[in-house]
Amino acid sequence: MNTTTQSLKAETRNLNFFYNGGNHAVKNVSMPLYENKITALIGPSGCGKSTFLRCFNRMHDLYPGNKYEGQIVMHPDNTNILEQGVDAIEVRMRISMVFQKPNPFPKSIYENVAYGLRVRGENNKRMLDDKVEEALKGAAIWNEVKDRLQDLAFNLSGGQQQRLCIARALATEPEIMLFDEPTSALDPIATANIEELMSELKNKLTILVVTHNMQQAARVSDYTAYMYLGEMMEYGDTDTIFTRPTRKETEDYITGKFG
Amino acid sequence: MSSEHIYKQYDNELEAVRAKVLEMGSLVEQQIVDALESLVSHDTKLAETVIKRDHMVNALEVQIDEDCSYIIARRQPAAGDLRIILMMIKTITDLERIGDEAAKIARFSQKTIETDRMWKPRFAEIKLMATLAREMLHMSLDAFARSDATKVLPIAQMDEQVDEQYQTTIRQLITFMLEDPRTISMSLEVLFVSKAIERIGDHAKNISEYVVYMVKGKDVRHISMEEMEEVAKQP
């Protein structure tokens, strides 16, 4: 059901990634990321999908000895975010991330969301108030927290904490948002809320999501990529992947006959 | 659909397919009306239009099937959602066949006009049957649009009336053919048209049964009228 024209937001070109010690976790992956679309990465545990996702905000830089090869190019400015000299902090402002387990900071709800803005040097109280409200609204949690912004974030439920983390990621107005198993710690209703939120967020930004849950990929994504042993086995629009995949490996995985 | 899903997109997808099924339904209704009109008023142009338009009915069937397969693959519909999807997939098969019957009538109409063989006296009965069959289809689609199982109750009875009239027509045609063998080819044409109308009634009745399944979750095919009434009236 994708009929509108697509423009590229980012793409990987022959991306390889080696962990310290030589494990070749991502093998020569070239994949487009279309603007205002949700792309899902599926595949069995250890297939490299989370590793691939983390390349997008240079998470692997935090550990010495890891090595990237190839490019991740952002459009329209054509910046290769893996290039030496490109500041990882700047990359993370443009490409934010939401993790598997909600991980709010041990601060108030307000300060969690304001954090990224403060790092950026924003100290104007009124500006911060506005941005925090906007981000919380964008993450569909404003109505639940507006009367207790100074409460500790840990007092929220799991689903609320995850939406707070999304608000925190939204506050710096990223262009791409990465979700690493965003609902695997949540119950079905909280999951549905997050997924619905993702569908709304894609009007504003571009999303790349890693999920173990194939049904989640089927429900939320516009494009799906199947990864296995570090390789991109198949990439296509989600309707096609889930109704008539071209590769037998993909079919076996999505129909539960793998192995 | 009484309440909304958390996934608004899911609601939109279901609603879009539902709308397409209704669109296909009204197109097919129009096909029946025009096919019969071409027969009654000796309008070859109208018959031609009906025949040409049949591909639109077919295209909608293909589209709706595809949309449903995407929804199944992406949403794993359950309960009421599953029933509406199954119902729509089955309904469009019947609608497509009704479309074929209408095109068939239009082709007969063309042929009889060209050879100037249509037999006026038989029109009245055909028209009555056709009106009933069309009304059955209309009621089934209306019940589908409103998700109201009670609306389909008269349809089974109407189907019996159509069948009775079909039998009556056959008996009369046989009499004519026995009396005068020159009427055989004309009689056969009338018979084919009647048969097409009778089939339209059967398809409309099928659709009405799918509506009951969709709304009540009970399969009412191949059961008595009384049982069906009971199911449809359950709260």
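Me: Helices here are DSSP runs of H or I with at least four residues, numbered from the N terminus. In which loop does B:His42 lie?
Reply: The model is a predicted one. Helix 1 of chain B covers 8-40 and helix 2 covers 44-75.

Me: Is B:His42 buried, partly exposed or exposed?
Reply: A residue is buried with 20 or more other C-beta atoms within 10 Å and exposed with 12 or fewer. B:His42 has 13 C-beta neighbours inside 10 Å, so the class is the one in between. B:His42 is partly exposed.

Me: What is the phi of B:His42?
Reply: Most residues other than glycine have a negative phi. B:His42 is not a glycine, yet its phi is positive, at about 50°.

Me: Is B:Gln76 buried or exposed?
Reply: B:Gln76 sits in the loop between helix 2 and helix 3 (79-115) of chain B and has a positive phi of about 45° although it is not a glycine. B:Gln76 has 12, so it is exposed.

Me: How are helix 5 and helix 6 of chain B oriented to each other?
Reply: The axes of helix 5 (residues 153-179) and helix 6 (residues 184-216) of chain B come within 10 Å and cross at roughly 170°. Angles over 145 degrees count as roughly antiparallel. The two helices of chain B are therefore roughly antiparallel.

Me: How many nonpolar residues has the contact of helix 5 of chain B with helix 6 of chain B?
Reply: Residues of helix 5 including B:Ile155, B:Val162 and B:Leu173 meet residues of helix 6, among them B:Ile184, B:Val190 and B:Leu191. By class, the contact has five charged and five polar residues, and the nonpolar ones number twelve.

Me: Which helix supplies the largest share of the side of chain A that touches chain B?
Reply: The contact takes 13 residues from chain A and ten residues from chain B. On the side of chain A, helix 7 (188-201), helix 8 (214-220) and helix 9 (238-243) each supply at least two residues. The largest share, five residues, comes from helix 7 of chain A.

Note on methods
Residues are numbered from 1 along each chain as its sequence is written. Chains are lettered from A and ligands numbered from 1 in the order in which they are written. This is a predicted model: local features need pLDDT of at least 70, side-chain atom pairs count only at pLDDT 80 or more; totals for chains, interfaces and linings use all residues. Axes are lines fitted to C-alpha atoms, for helices over the stretch in contact, and angles run from 0 to 180 degrees between N-to-C directions. Angles under 35 degrees count as roughly parallel, over 145 as roughly antiparallel, 65 to 115 as roughly perpendicular and the rest as oblique. Two residues are in contact if their C-beta atoms, placed from the backbone, lie within 7 Å. Ala, Val, Leu, Ile, Met, Phe, Trp, Tyr, Cys and Pro count as nonpolar, Asp, Glu, Lys and Arg as charged, and the others, Gly among them, as polar.
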